[in-house]
Each structure stands twice: as C-alpha cells, then as structure tokens.
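Let's walk through this protein model together, one packing contact at a time. Keep the sequence and the 3D view side by side as you read.

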Amino acid sequence: MKTLYLLRHAKSAWNDPSLDDHDRPLAPRGARAATLIGRHLRGEGFHPDVILCSTARRAVDTLGLVTAQLGTGQVPAEYDRGLYLSGENALLERLRRLPDDAATVLLVAHNPDLHDLAQDLAGDGDASLLRSLAGKFPTAALAVLTFAQGSWSDIGSRAGTLAGLVLPKKLT
C-alpha cells in the first residue's frame, strides 16, 4: 500500500508587489497554519519516506514549519522547480517516478494543481470528505490518499481512497 499526503502551501503574503510570484513569503496566518499542520502530523506519527516540494518560497517555508514540528530524523526534501504551477499531469508524472520502496510520500505544491490532482486520484472514500474536497482545497489543506497499488507508476485516475482531509481552521 502507498500513502500520499498532498499539502497545499500555506497563505502567502501579497504586501510586496515588486516580488515575483515564485518569491512570495508566507503571511503570518500562513505560518500559524503550517505549524498547526505540522503538529497534527506529529500527532498522527507521520514519517515520510520521500518529501517532494516546489521551489517557490511559500512552499519551502510551509515545509520548513511543518517539519520543524515533526522532530528530528526527517528525510531531506527534494526541491523541484517542476512542481511549481506545472499542472496536475506534471505532478502525477513526478509521483509515478517515485521509487517503489517509498510507502509514504509528502508532496508540497500549489493550486489549482493539487486540488485537481487530489480530485482526480480520489476514487473512493468517505462521502463527506469527498464532497468537502470537491468544494475547496484552501491554503495549508492536507489531503491523504491511499493506494492499493504496489508501484507508484501504477497510480492514476480514481485509483486512490481519500483517507483524510485536514484543514487548519478545524485544528484550532
């Protein structure tokens, strides 16, 4: 079984119009939300085998705050510019290249890509979770999908079960 955690970056700041979109930092609200998600993951005993993260500053900062809550011994993240607003298909193709010995993966990226990917992969799961996912995937949202497939190269449309959807506002 494979488990995929899809984390949208936390709320970013828009107060410096001179910054390129790729370079926008987190807003204070985003920093708080990322910390809450990290605490939640620590409480769940989260231990990823692979972490993939967009190179956008807001994604990198989100991941840093999340992993700071997890404690020591976390795997190093793989930062990939190709995860920055590249589309749902690019994210899926990157996931399909993961090593098969990786059972648990965290992907930190952006909308609409993550929302589209989560909806496409989620073929099963609790009806209320699926409805919630269909409605919105806000900043710092975390979708958890499980796959019966033994190989990441085999995951695809409707192959996953939506096992969880964590929203920071529900953690406060």
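In α1, residues A31, A34, T35, I37, G38, R39, L41 and R42 meet T62, L65, V66, Q69 and L70 of α2. Contact here means heavy atoms within 4.5 Å, and helices (H or I, at least four residues) and strands (E, at least two) are DSSP runs, numbered from the N terminus. The residues of this α1 and α2 contact divide into 7 nonpolar, 4 polar and 2 charged. For that tally, Ala, Val, Leu, Ile, Met, Phe, Trp, Tyr, Cys and Pro count as nonpolar, Asp, Glu, Lys and Arg as charged, and the others, Gly among them, as polar.

A word on the model before going further: it is predicted, so local features need pLDDT of at least 70 and side-chain atom pairs count only at pLDDT 80 or more, while totals for chains, interfaces and linings use all residues. Residues are numbered from 1 along each chain as its sequence is written, and side-chain values use heavy atoms, with hydrogens and water left out.

Now back to the helices. Two packed helices are described by the angle between their axes and the distance between the axes. For α1 and α2 (residues 57-70), the angle is about 40° and the axes are 7 Å apart. The axes are lines fitted to C-alpha atoms, for helices over the stretch in contact, and angles run from 0 to 180 degrees between N-to-C directions. This crossing of α1 and α2 is right-handed; a crossing is left-handed if the near helix is turned anticlockwise from the far one by less than a right angle, and right-handed if clockwise.

Next, turn to α4, which has two helix partners to look at. With α3, α4 packs at an angle of about 65°, the axes being 8 Å apart, and α3 passes α4 in a right-handed crossing. From α3 come E88, L91, L92 and L95, and from α4 come D113, L114, D116, L117, D120 and L121. The residues of this contact of α3 with α4 divide into 6 nonpolar, no polar and 4 charged.

The other partner is α5. The axes of α4 (residues 113-121) and α5 (residues 127-135) come within 9 Å and cross at roughly 150°. That makes α4 roughly antiparallel to α5, a label for angles over 145 degrees, with under 35 counting as roughly parallel, 65 to 115 as roughly perpendicular and the rest as oblique. The crossing of α4 with α5 is left-handed. Here H115, A118 and Q119 of α4 meet L133, A134 and G135 of α5, and the residues of this contact divide into 3 nonpolar, 3 polar and no charged.

How enclosed is α4 by the rest of the structure? Because 7 of its 9 residues are buried, α4 is largely enclosed. The buried ones are D113, L114, H115, L117, A118, D120 and L121; buried means under 20% relative accessible area, exposed over 50% and partly exposed in between (1.4 Å probe, protein chains only).

That leads to the nonpolar cores, each a set of buried Ala, Val, Leu, Ile, Met, Phe, Trp, Tyr and Cys residues joined through side-chain atoms within 4.5 Å. The largest has 29 residues, of which L4, L6, L95, V105, L107, L117 and W152 touch the most other members. At least two residues of this core come from each of β1 (2-8), β2, α3 (88-96), β4 (104-109), α4, β6 (142-147) and β7 (160-166), and α4 gives the most, with 4 residues. A second, separate core of 21 residues includes A33, V66, L106 and L142.

Finally, some loops deserve a visit. Most residues other than glycine have a negative phi, and most peptide bonds are trans. In the loop between β4 and α4 lies P112, joined to N111 by a cis peptide bond with omega of about 5°. L85, in the loop between β3 (77-80) and α3, has a positive phi near 45° and counts as partly exposed at 40% relative accessibility. A140, in the loop between α5 and β6, has a positive phi of about 65°, yet at 1% relative accessibility A140 is buried.
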